[in-house]
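Trainee: Could you walk me through a few features, with the general idea before each case?
Mentor: Gladly; let us look together.

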Amino acid sequence: MSGEDAPAQQQNAVDQKQETKPAEEPKAEPPKTESAEAGATPAAAPEEETFTYRALVLTGYGGYDKVKLQVKKGKPALKAGEVQVRVKVCGLNFADLMARQGLYDRLPSPPVTPGMECSGVVEAVGEEVTDRKVGDKVMVLNRFGLWQEVAVVPASHTFLIPEGMSFEEAAALPVNYITAYLMLFDFGNLRPNQSVLIHSAAGGVGIAATQLCKTVKDVTVFGTASASKHEAISQGGVTHTIDYRTKDYVEEVRKISPKGLDIVLDPLGGSDTHKAYNLLKPMGKLITYGTANMLAGQRKNLIAVAKNWYHQFSIHTLSLIQGNKSVCGFHLGYLDGEIELITQAMNTILDLYKQGKVKPRIDSTWHLEQVGDAMRKMQERNNVGKVILTTEPMPEEEKKEEAKKEDKKEDKKKDDKKKDDKKKDDGKKEEKKEEKKKEEPKKEEKKEEKKEEEKKEEVKKEEK
């Protein structure tokens, strides 16, 4: 999310300049003084010139290696209404994975720093900022640009971290909980005794949605996840767990709730959106908020993208009327200017946190240097809860261990390549053997033919 259009566009321009040529920005020359002209000792370099900070930069679309850790130079410009935050922890979201493949249109073209949420401490405030001060602990929600040690954002995109909440929890809260809250209560109008289907129930949004469902009396939650995660999501509040890898979730839901469901949250897209709509009971609501089915492998899979678009859900308004159903679409990234709506939702969520009714679950914490491994864990659906990144530099010992792991990966790649090459060579040898085998009968036939010819010649000679 990016707030007011003008500040967002200005911030985008600043980020682009810093990420492409951080050390080559033109600087106005100060007026020469008499002492300077007389050869006086020049003053020390200003802070803006010596200020550096680390940032993750998406250098191009593709695999995990396209997100690289770089050092930016120069202090970010601070405009009216903005604050500078020293980032402690960043949140990783599914949209970040799609953005890496070029499937998320709310991220500017590379090179660009991704990241929609973080937590940290306010280091500086711009003019006209009255509700934030240096030293405030805040969580931040922005359209992009937060996977770095220092971020400049509109003050309206920051929220004070309540007493007792860690930086890790604060970074895990904005995107997932605001998404789940607005879907369930603004679109879904969730009420007591209703039923909800939550896909990817062990993910960040899934856990947030389950916890929020539990704040309403007697809500039945159906949750899909792989079997190894069922215990965790059951403890978190899912009433009926479904292993989507081995069972048809539509049949499983129908067994328990023949009439269907009141609300279905659909992050999958494609054919699953059709299934979701058909699972609704009269007055039911389908809320679609993603196209996770498009993501298959490290790089963009055109077959998966095409398949998702081919099965795209569409419906005639008459069918909606006759079915007494509703279909809603949600995309937090497009709620750019809805500051009041987002703030109200966040205030409600923070109240629920203070009451102990919601609490982000952290799956794992990774250093910025390990962003590739963090993305892999999330993309391969191995997380239960939120995957987060810490800006704390990786200890030397861990760096050495990471280097060893990378070396092992490279060695494995080389070994795999050798094996593949050997298989190819063996295959070629087998082909040659087969060809030789096929040639043998032909050679024998030729020999036999030759013998026959020779016999015929002999007969002719005898006759003469």
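Trainee: In strand β8 (residues 195-198), which residues point one way and which the other way?
Mentor: Two words on the source before we start. This is a predicted model, where local features need pLDDT of at least 70, side-chain atom pairs count only at pLDDT 80 or more, and totals for chains, interfaces and linings use all residues. Residues are numbered from 1 along each chain as its sequence is written, and side-chain values use heavy atoms, with hydrogens and water left out.
Mentor: In a regular strand the side chains alternate between the two faces of the sheet. Here S195 and L197 point one way from β8, V196 and I198 point the other way, and all are buried. Buried means under 20% relative accessible area, exposed over 50%, and partly exposed in between (1.4 Å probe, protein chains only). Strands are DSSP runs of E with at least two residues, and helices are runs of H or I with at least four, numbered from the N terminus.

Trainee: Which strand is joined to β8, and by how many bridges?
Mentor: Two strands pair if DSSP finds at least two bridges between them. Strand β9 (residues 220-224) runs parallel to β8, with four bridges joining them. Within this pair, V196 stands opposite V221 in β9.

Trainee: How many residues of strand β5 (residues 137-141) are buried?
Mentor: Four of its five residues are buried, leaving β5 mostly covered. Five bridges join β5 to strand β4 (residues 117-125), running antiparallel, and E117 stands opposite L141. Three bridges also join β5 to strand β7 (residues 158-160), again antiparallel; there M139 stands opposite F159.

Trainee: Are E128 and M283 buried or exposed?
Mentor: E128 counts as exposed because its relative accessibility is 69%. M283 counts as exposed because its relative accessibility is 60%.

Trainee: Where is K438 found?
Mentor: K438 is found in helix α15 (residues 396-463), and K438 counts as exposed because its relative accessibility is 57%.
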